[in-house]
Amino acid sequence: MAVYTDVSPEELEAFLSTYELGRLRAFKGIAEGVENSNYLLQTEAGSFILTLYEKRVNPADLPFFIGLMEHLAKRGIDCPQPVRNREGVALGELAGRPALIATFLVGTSVRRPTAANCAALGAALAGLHKAGADFNEFRRVNALSVAGWRPLYDQARERADTVAPGLSALIADELAVLEERWPKGLPAGVIHADLFPDNVFFTDGKLSGLIDFYFACNDLLAYDVAICLNAWCFEPDGAYNQTKGRALLAAYQAERPLDEAEIAALPLLARGAALRFLLTRLVDWLNVPPGALVRPHDPVEYLRKLRFHRSVTSPRDYGVAERQTA
Ligand SMILES: Nc1ncnc2c1ncn2[C@@H]1O[C@H](COP(=O)(O)OP(=O)(O)O)[C@@H](O)[C@H]1O
Ligand SMILES: N[C@@H](CCOP(=O)(O)O)C(=O)O
């Protein structure tokens with residue numbers, strides 16, 4: 001359960017009194033997520049999500065996230081909408097943390113995505129990239145791209161082998177390769193950067209909403225595709241499912257075709273994406289804050305994915321259609 005910061009009913013009532021949402025009926029901590037503290041609020045006006053921003057969120061980035069969610073909704077993307085208080089301000093402070101109330105999205109996430117779910121996700125990801133193309137109000141550099149990985153490694157290197165033998169050396173080796181070869185000059189724009197199955201809602205089998213924009217940033221669009229291949233197209237036994245990869249990529253490309261350079265870079269981007277989540281998971285696994293209600297994600301899952309990407313010899317291994325590869 002991701003609740004790092006407790007909120008008392010009195011504090012919450014006082015905070016809510018600055019909004020036009022009526023009285024508080026009930027609230028409870030939410031049992032998913034690992035980054036921020038989230039509460040489900042029931043007020044006289046309906047259901048809402050209260051987020052208190054924690055460790056990895058830089059408060060200076062909050063206007064980017066809020067502006068982006070508002071921009072995307074105007075472009076027809078189903079995503080949470082920041083609720084503004086009576087003074088027209090979305091961002092507040094509660095229990096010593098930056099805090100936001102956002103609209104509640106209906107739908108449920110899928111635990112074991114099917115190829116059809118992967119196709120829906122691919123189309124939605126391309127739609128998101130297109131809708132974000134004219135979001136110029138704020139910019140946000142990706143703090144968790146290649147330049148951010150070594151500092152994470154430094155936090156974990158000494159204890160990494162307690163998680164898996166040889167892990168520290170493998171990461172060091174991988175970092176050296178990726179720092180040298182990370183692609184430059186590919187098409188860039190606003191990316192979600194964490195569009196895992198738990199951040200995508202389906203209703204009656206149809207994709208109905210995207211949440212959790214708190215890693216969104218300006219970066220390579222194909223890197224977002226690589227993150228999704230990692231998150232959606234592996235089976236629980238660690239095997240890459242090419243059918244799911246093909247479905248995701250084909251649906252993405254039907255909306256936004258990848259260019260030749262993006263396709264050629266996919267294996268490297270997928271390695272980078274696997275390393276990024278391996279590193280954040282590893283750091284979190286080794287540093288669970290005492291008393292926090294959180295279930296850290298397993299870093300070894302991403303070690304297995306990284307090993308797969310290191311064995312890949314062609315973008316075709318991901319399911320890119322033959323005629324689209326150079
Ligand atoms: N706007 C929303 N509508 C409905 N449920 C939400 C919404 N935002 C978050 N949730 C629920 O809260 C959980 C954790 O939210 P998430 O944004 O993923 O947290 P974190 O910032 O910790 O990654 C989600 O898995 C979902 O169940
Ligand atoms: N998706 C990341 C961690 C952040 O995820 P969330 O569950 O809080 O949305 C991972 O799986 O490592």
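A residue counts as buried here when its relative accessible area is under 20%. The model is predicted.

## Helix α3

Helix α3 covers residues 115–131. It has 17 residues and spans 24 Å from its first C-alpha to its last. That is close to the 24 Å expected at 1.5 Å a residue.

Which residues of α3 are buried? They are Asn-117, Cys-118, Leu-121, Gly-122, Ala-124, Leu-125, Ala-126, Leu-128, His-129 and Ala-131. Their cover includes the helices α2 (62–74), α6 (221–232) and α7 (242–255). The strands β6 (188–191), β7 (200–203) and β8 (206–210) are also included in that cover.

Asn-117 sits in helix α3. Its relative accessibility is 10%, so Asn-117 counts as buried. Setting aside residues up to four places away in sequence, Asn-117 touches Val-110, Arg-112, Phe-202 and Trp-232. Leu-207 is 90 residues from Asn-117 along the chain, yet their C-alpha atoms are separated by 7.7 Å.

## Ligand 1

Ligand 1 has 17 residues around it. Glu-35, Asn-36, Thr-103, Leu-105 and Asp-212 come nearest. An oxygen atom of ligand 1 lies 2.9 Å from a polar backbone atom of Asn-36. An oxygen atom of ligand 1 is also 2.9 Å from an N or O atom in the side chain of Asn-38. At Leu-105, a polar backbone atom is 2.8 Å from a nitrogen atom of the ligand. On its own, ligand 1 has 550 Å² of accessible area, and the protein covers 91% of it.

## Ligand 2

| Residue | Protein atom | Ligand 2 atom | Distance |
|---|---|---|---|
| Asp-194 | polar side-chain atom | nitrogen | 2.6 Å |
| Asn-199 | side-chain N or O atom | oxygen | 3.3 Å |
| His-297 | polar side-chain atom | oxygen | 3.5 Å |

Taken alone, ligand 2 exposes 340 Å². The protein buries 95% of that area.

Is Phe-196 buried or exposed? Phe-196 is buried, because its relative accessible area is 10%, under the 20% cut-off. Beyond its neighbours within four places in sequence, Phe-196 is in contact with Ile-227, Ala-231, Trp-232, Phe-277, Arg-281 and Tyr-302. Arg-246 is 50 residues from Phe-196 in sequence, and their C-alpha atoms are 17 Å apart.

Ala-193 is found in the loop between β6 and β7 as well. Its relative accessibility is 4%, so Ala-193 counts as buried.

## Positive phi values

Most residues other than glycine have a negative phi. Ala-193 has a positive phi, near 75°. Ala-95 is another non-glycine residue with a positive phi, about 50°. Where is Ala-95 found? It is in the loop between β4 (91–94) and β5 (97–103). Is Ala-95 buried or partly exposed? At 28% relative accessibility, Ala-95 counts as partly exposed.

## Cysteines

How many disulfides does the structure hold? It holds zero. Cys-79 is in no disulfide, and the nearest cysteine sulfur, in Cys-228, is 15 Å away. Cys-79 is buried, with a relative accessible area of 5%.

Cys-228 is buried, with a relative accessible area of 0%.

## Glu-174

Glu-174 is placed in helix α5, residues 167–181. Its relative accessibility is 0%, so Glu-174 counts as buried. Leaving out residues up to four places away in sequence, Glu-174 touches Arg-271, Leu-275, Leu-306 and Arg-310.

Conventions: Residues numbered from 1 in each chain as written. Chains lettered and ligands numbered in written order. Predicted model: local features only at pLDDT ≥ 70, side-chain atom pairs only at ≥ 80, totals over all residues. Heavy atoms only, no water. Helix = DSSP H or I, 4+ residues; strand = E, 2+ residues; numbered from the N terminus. Expected span 1.5 Å × (residues − 1). Buried < 20%, exposed > 50% of the residue type's maximum accessible area, 1.4 Å probe, protein only. Contact = heavy atoms within 4.5 Å. Disulfide = S-S within 2.5 Å. Near = heavy atom within 4 Å. Polar contact = N/O pair within 3.5 Å; in protein donor to acceptor, adjacent residues only side chain to side chain. Areas by Shrake-Rupley, 256 points an atom, 1.4 Å probe, with all protein chains shown as cover.
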